[in-house]
Amino acid sequence: MQSRGVVIIGGGIGGLCAAIALRQAGLEVAVYERAEAYRPLGAGLSLWPNAMRAFEALGLAREVAGAGASWRETVMHRWDGKVLSRMAVDELCRELGQPTVGLLRAELQQVLLRALGPGVVHLGAACTGFLVEGEGVRVTFADGQQVRGDCLIGADGLHSVVRQRLLPEVRPRYGGRTSWRGVVNVASEVIPEGSQFELYGPGARFGITHIGRGPEGTWRMYWFLLVPAPQGGQDVEGGHREAVLSHVRGWMEPVESLVRATPESDILRTDIHYLEPLPSWGEGPVTLLGDSAHAMVTDMGQGACQAIEDALVLAKLLREDANRVRALRTYEARRRPRTAHIAELSLRAGSIRYLRNPVARWGRDLLMQALPSSVALNQLRRVVGYDFLAS
């Protein structure tokens, strides 16, 4: 049986960031990821200044920013193009000293993998369980392999095996919406460079973000559509694009043209799930991180950002306290209130974005136009300006 220092289950964004931070803190780390390989394409994600502050601490901020594109303004529209509100994100970024960055999840993974170097991440390693033994933990895998570590970090996502063993009664909850996401390279910028668009229609929300440059000088664009739908719905084979178009026909450009230009194979459909705040995140030398601990709906764009925060706080506390179990409980005590608050804000934000009733939509749109942008900016400041590394 191999012996490791910190064993991380899950090689997603949170797990990889934790591995980098822990190694920089002087700890031995091994990451085990069930997938056989990292996919070269996939969904985009938004990194707000709180996440970029973490990458600054890791020495990776410049490389992360260079892998995507920053935006300076978020513009909210009605489906027909009427502007409902604008938020000057660049003001907040200047104040906090960090940009907002949109990029492919797969591009961020490659930045993190390069930072880790070879031999740390083990692919094709599906965790099946663990057993606490004395002051350590023994982890088992589907291929019969066993690994022993001083502590175990479950960063294995919404359907976490580690969380299932810790809290077998916990089940993810359906958020009531399904999402389609696409990435496409286009010859022109289609929306102003430095802008992020959101559009609200009857029971639907559509977003567009630059996420860097594609081949031959093209613009790489990420778009998403969120729609209330019954859980478990599926599109006919080869029908993702047509399903999206059925919800956005007649919407302002470039919505339809972006969707039509996206290869069918580059469109993903996923139901949105979340976790209610957990009664605990761990016991003994075992804890959780990222979506394993606090999966949330997507309406604040903070899912990946909170996992990155987790990683930095965990590494800081394990560096400062030689008592591993005590450090894990301190980590949980610091992170649980913060992530529960962000998850609740995300649920609240989603409650007014998918209205179908015309009168309710009219009232929401009127409120968005009347609300000073400074109010929304102050609310955002409290989320992304939080000093998560403060002791």
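The legends below describe close-up views of a predicted model.

**View 1**
Side chains of opposite charge can pair when their charged atoms come close. In this view Arg177, Glu198, Arg205, Asp299 and Arg353 are linked in a network of salt bridges. Asp299 lies in the loop between helix H9 (291-294) and H10, while Arg205 lies in strand S14 (residues 204-213), so the pair ties together parts that are 94 residues apart in sequence. Both Asp299 and Arg205 are buried. Across the whole structure, the count of salt bridges comes to 25.

**View 1. The salt bridge between Arg138 and Glu133.**
Here Arg138 and Glu133 form a salt bridge in which the closest N and O atoms are 2.8 Å apart. Arg138 has a relative accessible area of 18% and is therefore buried, because buried means under 20%. Glu133, by contrast, has a relative accessibility of 25% and so counts as partly exposed.

**View 2. The salt bridge between Asp321 and Arg326.**
The side chains of Asp321 and Arg326 meet in a salt bridge, with 2.7 Å from N to O. Asp321 is buried, because its relative accessible area is 16%, whereas Arg326 counts as partly exposed, because its relative accessibility is 49%.

**View 3. Helix H10 and its cover.**
Helix H10 covers residues 303-320, which makes 18 residues, and it reaches 26 Å from its first C-alpha to its last. That reach is close to the 26 Å expected at 1.5 Å a residue. H10 is also mostly covered, since 15 of its 18 residues are buried.

A disulfide is a covalent bond between the sulfur atoms of two cysteines. How many disulfides does a search of the whole structure find? The search finds 0 disulfides. Cys17 is in no disulfide, and the nearest cysteine sulfur, which belongs to Cys305, is 10 Å away. Cys17 is also buried, with a relative accessible area of 0%. For Cys151, the closest cysteine sulfur is that of Cys127, and because the two sulfurs are 14 Å apart they are too far for a bond. Cys151 is likewise buried, and its relative accessible area is 0%.

Strands of a sheet pair through backbone hydrogen bonds, either parallel or antiparallel. The sheet in this view is open and has 3 strands in the order S3-S7-S4, with antiparallel pairing. Strand S3 (44-47) and strand S4 (69-70) stand at the edges, and because each has a single partner strand, one side of each is left without a neighbour in the sheet. S4 pairs with strand S7 (residues 101-104) in the antiparallel sense over 2 bridges. The bridge partner of Ser70 in S7 is Val101.

**View 4. A nonpolar patch on the surface.**
Leu367, Leu371 and Val375 make a nonpolar surface patch of about 240 Å². One of these residues, Leu367, lies in helix H12 (residues 358-370). Is Leu367 buried or exposed? Leu367 counts as exposed, because its relative accessibility is 52% and the cut-off for exposed is over 50%.

Methods
Residues numbered from 1 in each chain as written. Predicted model: local features only at pLDDT ≥ 70, side-chain atom pairs only at ≥ 80, totals over all residues. Heavy atoms only, no water. Patch = residues over 30% accessible without salt bridge, like charges linked within 9 Å, V, L, I, M, F, W, Y side chains within 5 Å. Areas by Shrake-Rupley, 256 points an atom, 1.4 Å probe, with all protein chains shown as cover. Salt bridge = Lys/Arg side-chain N within 4 Å of Asp/Glu carboxyl O. Helix = DSSP H or I, 4+ residues; strand = E, 2+ residues; numbered from the N terminus. Buried < 20%, exposed > 50% of the residue type's maximum accessible area, 1.4 Å probe, protein only. Disulfide = S-S within 2.5 Å. Expected span 1.5 Å × (residues − 1). Pairing = 2+ DSSP bridges.
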